[in-house]
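Let's take a friendly walk through a protein model, stopping at a few places worth a look. Keep the picture open and find each residue as we reach it.

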Amino acid sequence: MKTVAIYIHRFFSAFLLTILLISLAGCSRSRDSFTSRTYHRMVSKFNPLFNGEQAYLKGVQSIERAHKDNFDEILDVYLIPTEKEASSVKPDMDKAVEKGAKVIQEHSMMVRNDQKNSFVDDSYLLIGKARFYKRDFLEALETFNYVIQEFEKEKAADEARVWAAKSLIETENYLSAQANVEKLYRKKGAKEKVKVQALSVFAQIEIRKKNYEGAIQLLRQAVDKTKKKQEEIRWLFIIGQLHARLGNHYEASEKFREVIKKGPPYELLFQAQLNRAKNYDVDLQNPNRVFDELRAMLRDDKNYDNRDQIYYVMAEVSERLEEDAMVEEFLNKSIRTSTTNNAQKGLSYLKMGEINFDNRMYPVAAAYYDSAYSVLPKEHKRFEEVRIKKESLGALVKNIEVIETQDSLQRIANLTEKQRLAFINKLIDKLEEADRLAEEERQRAEDNALAFNPGNPSGGGGNSAAGTWYFYNQSLRSVGVRDFRNRFGNRKLEDNWRRENKDSDGSFALNTQGEDEEAPGSGSGSEESDSKYKPEQFLANLPLTEEKMAASHQLIIDAFMAIGVIYKEELKDYLAAAKELKKLLKRYPDLDIKGRVWYTLYRIYILAEDPTEANKYKNLILSELPESEYANIIRNEGKPEKEVDKSAAKALYVEALAQYRAEKYKPALKLSTQGVGDYSETEYGARFFLLRAYSLAQTDEKDKLKLALRAVVDRYPDTEEAKAANDVLAQIDEPVIGEKKTTDNTKEGDKSLYTYKADAPHRYVLIVPNLGVDMNNLRNDVSDFNTQFYKLEKLNSRSIFLDQDNQMVLVATFPNAAKAMNYYNTLINQRVLVKYMPVESAKHFVISNTNFQTFYKEKEVEPYLAFYDAQYLKKKE
């Protein structure tokens, strides 16, 4: 029986093998048979295509979870991944592309120009959509166009048109995108679901083109036709945003109310509630009801970390009601209740700055702009605006402080010797008292830390959570940092950080307001005191000699002139500029630069369109200074430029340039600043502006350099001076700015050594020190990263020595600069280098193959990094 069973088993095995071989033989991709079609369709659907679709869905879900909508902007109608989100799902999307390509390569059945495998078009669609979510929009577009051409009669062609339009929008080809969706919407027999998507894509086109009325109409149709609640809610919210942009506040408020009624997810619900309040109509709605709703939101525990946004909206509503006091109260509450949202905190500071700026309270505005700059994320759309205003106001406040400080010093210097000593001793008492309170506060904080942490205060013994020293306990340290910032804000780590009034060198400004008549002998200072503050320290700063007093007066004069220029040229507040210059004339009636001040006032009143005041200073110049260069300029006004006497401007410029070349930078700065004020409208204007910027680079006022360079570019955009200023701005972080006797501020070698070619093959380079880094592990991690995120690119990585101190990790080859930069950014986003070195200090870059040959020959890293920063990183920004 056993023998018979073995015989039967062998017979059936042979029979099944024969049937299988016959079946496989009949599964040719070039033969249109039922067996072939069934085999290739089944294998396509349930093997590579299924796996590819699962990888694609996993990637899309990851993007949806990570995606954070920016509610300060109009939302995208559909999901568009950021570069960071796209890089994070690259392995999943690469797998989807790989599996889709496998279906096409191994299971396509083109018989007599007819595709017999109905899953091939789905595979092309999968590849295109995966490329879209990788942000490879051009490659995605090629794929979708192929589907449209080759499968025109299939349902896949309609879906491909939608996705082709999405890809065209991201390449800013709105005309072609619109043609795609219009053709699809007019197509007879197109599915309703596809038409809804066409409407939504059309709306996205109109939003990008800022045709908000058209977008509203399209989204209304899409809302009526869609069967997906999530889409309906999102599109209703966008309609509300569009009405708000158009100033249709009542319609916007009603649309956000409609969103609220639909029961959206928390984030969308919260934003709909905020936007409804923000857009209430002062003529048609009750403001008390709006504030009641906002207060109810404040009481909701879910909104604890969003209280800053609620208070900010309450400030906006109060502003529309013209309740100025309430605006500031709510903004201050917004700032105080901020927990995690730095962008909102920055906007609240910015709003306070704008209010004070509009009220011409510039020193107060400067402080708020400085705070806004310190917390607003650098990628925020208003960051650059804040930075520029902060620099202008900072320069203004610095000059105001110069005047106040010198006034205080002069006031003390004019006291009797006993009065001076009494005043200084009293000041010392105040400083010592402040130090005592600071020490008590420090001790109190330490005691609080010990109360939280009853373990060994020295950090020894006990477990690490309960027995660690205060500053090693991260939770307690975080509490301390939070409390410090809540009380003091973001303070720079420096000596005397608690003091609000201190000079640039950290010494204290002596403020004598209301205390100039101190009685002799008052104060408790003593020559025998052990105080760290000595009267001699303060006496040394006083202008007690004629020479020092004259220098003090000159500082005040220069500060007044600088304030006038800032008001006039940067803040465009002509009345404030005139007020300061009039103060200067009143204080110093015999001023030796009176003609310059009169002429500046004359130009200010022309800009302010006040002919009466302009003629007043014009006549003063012509009557009292008839032979001056200012009188010559006025007499030649209105003549053709060739007839104008430019001798005065030229003479001043030659003198300023001579001082600069002689390395006398402060006189050069003073003369070029004079030229900026007096001759900005002449052909020497741009030269004076640029020379002033170069002089700033060589003095202690480098913080004003960028502002001065941008002034050249903004005021004289099409000049050689503007081009030179732009060159310096491009290299602003390089040491070359500090080189003396140069008017170019860029290395000639840097200009000719490397060339930027975006379409040239590139490679990635990481510079690694020979000591301190495990090279093998680093190389393996980079190789693993390449396999996970760039499997399809077939990248090669290796390491070579750069010099005796450094090695290089090289990754090649990328077809162009854009692909190489995508790799660079993905490597940063995935934090591959973090465990080896801080990313911000890592020396890594992409470089064209041609430039790499030069780089490897020269072996100088910094020049190429300067080129890379200007040509790759700054261009991206």
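Glu384 and Arg387 sit three residues apart, about one turn of the helix, and both belong to helix H20 (residues 383-413). Their side chains form a salt bridge in which the closest N and O atoms are 2.1 Å apart. Please keep in mind that this is a predicted model.

## A network of charges

Salt bridges can also share partners: Lys90, Asp94, Arg131, Lys134, Asp136, Glu139 and Lys819 are joined into one network in this way. One of its links is the salt bridge between the side chains of Lys134 and Asp136, at 3.7 Å from N to O. Both of these residues are buried.

How many salt bridges does a search of the whole structure find? The count is 39. Among them is the one where the side chains of Asp92 and Lys58 meet, 3.8 Å from N to O. Asp92 lies in helix H5 (residues 90-107) and Lys58 in helix H3 (residues 48-66), so this pair ties together parts that are 34 residues apart in sequence. Asp92 counts as buried because its relative accessibility is 15%.

## The chain as a whole

Now let's zoom out. The chain has 877 residues, and buried residues make up 46% of them. Its secondary structure includes 38 helices and six strands.

For contacts between residues at least 6 apart in sequence, 63% join residues at least 24 apart.

Some pairs show how the chain brings separate stretches together. Asp76 is in the loop between H3 and helix H4 (83-88). Asp76 and Arg234 are 158 residues apart in sequence, and their C-alpha atoms are 9.2 Å apart in space. Which residues does Asp76 contact, leaving aside its neighbours within four places in sequence? They are Gln204, Arg208, Arg234 and Ile238. With a relative accessible area of 23%, Asp76 is partly exposed.

Another pair to find is Glu432 and Tyr533, which are 101 residues apart in sequence and 8.2 Å apart from C-alpha to C-alpha. Glu432 belongs to helix H21 (residues 417-452), and its relative accessible area of 29% makes it partly exposed.

Arg603 is a stop in helix H26 (residues 594-607). Not counting residues up to four places away in sequence, Arg603 touches Lys568, Glu637 and Glu681. Its relative accessible area is 17%, so Arg603 is buried.

## Charged patches on the surface

Where do like charges gather on the surface? Glu322, Glu323, Asp324 and Glu328 form a negative patch. Glu323 is in the loop between helix H16 (307-320) and helix H17 (324-336), and this residue counts as partly exposed at 36% relative accessibility.

A positive surface patch is formed by Lys155, Lys191, Lys193 and Lys228. You can find Lys228 in the loop between helix H11 (212-225) and helix H12 (229-245).

## Backbone details

Let's finish with the backbone. Glu322, a member of the negative patch, is in the loop between H16 and H17. Its phi is near 60°, a positive value in a residue other than glycine. Glu322 counts as exposed because its relative accessibility is 67%.

Lys210 also has a positive phi, near 65°, and is a residue other than glycine. Lys210 lies in the loop between helix H10 (192-208) and H11, and its 60% relative accessibility means that it counts as exposed.

Which peptide bond here is cis? The bond from Ala812 to Thr813 is cis, with omega near 0°. Thr813 is part of strand E5 (residues 806-814).

Conventions:
Residues are numbered from 1 along each chain as its sequence is written. This is a predicted model: local features need pLDDT of at least 70, side-chain atom pairs count only at pLDDT 80 or more; totals for chains, interfaces and linings use all residues. Side-chain values use heavy atoms; hydrogens and water are left out. Patches are made of residues with over 30% relative accessible area and no salt bridge: like charges are joined within 9 Å, nonpolar side chains (Val, Leu, Ile, Met, Phe, Trp, Tyr) within 5 Å. Accessible areas come from the Shrake-Rupley method with a 1.4 Å probe; for residues, only the protein chains shown count as cover. A salt bridge is a side-chain nitrogen of Lys or Arg within 4 Å of a carboxyl oxygen of Asp or Glu. Lys and Arg count as positive and Asp and Glu as negative; His and the chain ends are not counted. The place of a charge is taken as NZ of Lys, CZ of Arg, CG of Asp or CD of Glu. Helices (H or I, at least four residues) and strands (E, at least two) are DSSP runs, numbered from the N terminus. Buried means under 20% relative accessible area, exposed over 50%, partly exposed in between (1.4 Å probe, protein chains only). Contact means heavy atoms within 4.5 Å.
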